[in-house]
Amino acid sequence: MTHLTRRSFALAGLGSTATLGLAASAAPSLAAGHAPANPPAMFDASLGNYRVTAIFDGMVPLEKKLFFGPEQAQIDAALAAAGVVGDALPAPVNAFLLQSDKHTVLIDSGMGELPMFGPGFGRLSAALASAGVAPEDIDTIIATHAHPDHIGGFLAGGKAAFANAELVISDVDYGFWSDSGMMAQAPDEAKGMFGLAQQVFGAYADRIRPVAAGSEIVPGVSLELSPGHTPGHSVVHIDGGDRQLLMVADTVLNTDLQTAIPETLSGFDTDPALAAKSRAALFDRAAADNILIAGSHVHFPGFGKFVKAGDAYRFVPASWM
């Protein structure tokens, strides 16, 4: 059974009802005439049968205090070795577009019109337009989990942003965010996150597909459970034929710190210990299989590999692009 505390929602404080832009009814308050403060940032490359495009949505102003577990001196040393000084640990928010001859798939969506982190977000629609993709062209949208920086862009004006798309999400995460008992148990400052998830689910009510772990979504694309960040947090495995990619979502929240010290925990995780276990398994798999990865919060454009470095790992940006 999942027990929720304020630490279970480090978006508390960042994701309170007020800052998330959720009214008492738990419906998003969308910014009128919302437009990104900056032009879209994109990077695309071939992935066998698919073309994959990384879309940068903005930078989340995280802080070092959100990470814990090892001694502070160890955390400071790991960050210093990566050239990171000070308390700020800004994290990119990346979404990914997959295109084949038969399917146009969007993996996560960034913040959309939510004012949670201020200006500079909501670049998805401009990026899609720049790529020549209209909202109605997208047939499948995948939510790795239902946090605001992953599902906010699935709404436009409070309604479904993608009129022809099926929304796919882990059945575990769908059940968690749909559970009124869990919402009642959550800290007050986190209830808005449940409200947002439920509004997104409602917007796609006639075309939402909660799936079991390992399910194939479209040919070569499957959703695999990597729990801890949320109960049903998932990664996306893409087999393009001659290339594979694992989109690790929020299994890794800070690449510099959590590759150097994989056991580093985060207050953003519903179950930090389980998240660390999932992260260790993912690092081991990615390094052993030499698989290309992409990540929601990996340095944009987010493509690279995790390789062994003694008892830890390091992230090597991809050079094949």
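In the predicted model, Ala91 has a relative accessibility of 4% and therefore counts as buried, the limit being under 20%. Ala91 belongs to strand β4, which spans residues 91-99. Beyond its neighbours within four places in sequence, Ala91 makes contact with Gly58, Met59, Val60, Leu62, Leu253 and His297. For one of these residues, Gly58, the separation from Ala91 is 33 residues in sequence, and the C-alpha to C-alpha distance is 8.4 Å.

Aromatic ring pairs number nine in total. In the pair formed by Tyr174 and Phe201, the ring centres are 4.9 Å apart and the planes meet at 50°, so the arrangement is tilted. Tyr174 is located in helix α5 (residues 171-178) and Phe201 in helix α7 (residues 191-203), so this pair ties together parts that are 27 residues apart in sequence. Tyr174 is partly exposed, at 28% relative accessibility, whereas Phe201 is buried, at 7%.

A tilted aromatic pair is also formed by Phe176 and Phe194, with 5.5 Å from centre to centre and 45° between the planes. This pair links distant parts of the chain, with Phe176 in helix α5 and Phe194 in helix α7, 18 residues apart. Phe176 is buried, with a relative accessible area of 5%, and Phe194 counts as buried at 0%.

An aromatic cluster is made up of Phe283, Phe306, Tyr313 and Phe315. The ring of Tyr313 additionally has the charged end of Lys308 over it, at 4.7 Å from the ring centre.

Conventions: Residues are numbered from 1 along each chain as its sequence is written. This is a predicted model: local features need pLDDT of at least 70, side-chain atom pairs count only at pLDDT 80 or more; totals for chains, interfaces and linings use all residues. Side-chain values use heavy atoms; hydrogens and water are left out. Helices (H or I, at least four residues) and strands (E, at least two) are DSSP runs, numbered from the N terminus. Buried means under 20% relative accessible area, exposed over 50%, partly exposed in between (1.4 Å probe, protein chains only). Contact means heavy atoms within 4.5 Å. Rings of Phe, Tyr and Trp (its six-membered ring) pair if their centres lie within 6.5 Å; planes under 30 degrees apart count as stacked, over 60 as edge-to-face and the rest as tilted. A charge sits over a ring if NZ of Lys or CZ of Arg is within 6 Å of the ring centre and within 35 degrees of the ring normal.
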